[in-house]
Structure formats: structure tokens, C-alpha cells
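Take a walk through this structure, one contact at a time. Keep the sequence and the model in view as you read.

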Amino acid sequence: PDAAPTGWLPWFALRQPATETLLFGHWAALEGQTGRADILALDTGCVWGRSLTALELEAGRLHSVPARQSRARG
């Protein structure tokens, strides 16, 4: 979002604060950060070597584990 052209905002910046929590993925560049408690970005860039993140729904806790480097088979 910081590299967006002047006047452009991420779609979630237009959402009014809500009592429900919104979850989304597929935006690894955010590294899981939206700056909002009511909007959680779950994509933390596992495919790029960062981490895999999941939300434990019952407890409302995020869990992250580091990505593993793949090993060539041969």
C-alpha cells in the first residue's frame, strides 16, 4: 500500500469499523499487517520464504510458523 499511486488506497481502508472481523489472504506484500483490529490479513508470504499463518477461530489467536526451505531431490 505504501507504494500505491497518490490517491489510491487498499480496499480494506474503505471499510467502516465493524463488530465482525474480516479475514482475507492472497496479499503477501502486506506481511499480515492491515493496521486494523477488525481486519486480519492471513497471507504472511510462506511461498516467498517468510511464514505460514492460521487463525484459531475459537480462541481468536493467530499462529505462525516459519517457512521451510525446499530441498532438491535427486
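Start with a charged pair. Glu 31 and Arg 50 join their side chains in a salt bridge, at 3.9 Å from N to O. A salt bridge here is a side-chain nitrogen of Lys or Arg within 4 Å of a carboxyl oxygen of Asp or Glu. Where do Glu 31 and Arg 50 lie? Glu 31 sits in the loop between β1 and β2, and Arg 50 in the loop between β2 and β3, so the pair ties together parts that are 19 residues apart in sequence. Strands are DSSP runs (E, at least two residues), and helices are DSSP runs too (H or I, at least four residues); both are numbered from the N terminus.

Glu 31 is partly exposed, at 46% relative accessibility. Arg 50 is partly exposed as well, at 32%. Buried means under 20% relative accessible area, exposed means over 50%, and partly exposed is in between (1.4 Å probe, protein chains only).

A word on the source. This is a predicted model, in which local features need pLDDT of at least 70 and side-chain atom pairs count only at pLDDT 80 or more, while totals for chains, interfaces and linings use all residues. Residues are numbered from 1 along each chain as its sequence is written, and side-chain values use heavy atoms, with hydrogens and water left out.

How many salt bridges does the whole structure hold? The search finds four. Another one joins Arg 61 and Glu 56, whose closest N and O atoms are 3.1 Å apart. Arg 61 is partly exposed at 46%. Glu 56 is also partly exposed, at 26%. Elsewhere, salt bridges with shared partners join Arg 15, Arg 36 and Asp 38 into one network.

Is Asp 38 buried or exposed? Asp 38 is buried, at 11% relative accessibility. Asp 38 lies in the loop between β1 and β2 (39-41). Leaving aside neighbours within four places in sequence, Asp 38 touches Arg 15, Gln 16, Pro 17, Ala 18, Glu 20, Thr 21 and Leu 22. Contact means heavy atoms within 4.5 Å.

Now return to Glu 56 and Arg 61. They are also bridge partners, with Arg 61 in β4. Leu 55 has its bridge partner in β4 too: Leu 62. Strands β3 (residues 51-56) and β4 (residues 61-66) pair in the antiparallel sense over six bridges. Two strands pair if DSSP finds at least two bridges between them. The hairpin of β3 and β4 has four residues between the strands, and Gly 60 takes a positive phi near 70 degrees there. Ser 51 lies in β3. Ser 51 is buried, at 18% relative accessible area. Its contacts beyond four places in sequence include Thr 44, Cys 46, Ser 64 and Val 65.

The structure holds five aromatic pairs. Rings of Phe, Tyr and Trp (its six-membered ring) pair if their centres lie within 6.5 Å; planes under 30 degrees apart count as stacked, over 60 as edge-to-face and the rest as tilted. Trp 11 and Phe 24 form an edge-to-face pair, 4.9 Å centre to centre with 70 degrees between the planes. This pair links distant parts of the chain: Trp 11 is in the segment before β1 (22-24), Phe 24 is in β1, and they are 13 residues apart. Trp 11 is partly exposed at 42%, whereas Phe 24 is buried at 12%. Ring pairs link Trp 11, Phe 12, Phe 24 and Trp 27 into a cluster.

Phe 24 also belongs to the largest nonpolar core, with Phe 12, Leu 30, Ile 39 and Ala 41. Such a core is a set of buried Ala, Val, Leu, Ile, Met, Phe, Trp, Tyr and Cys residues joined through side-chain atoms within 4.5 Å.
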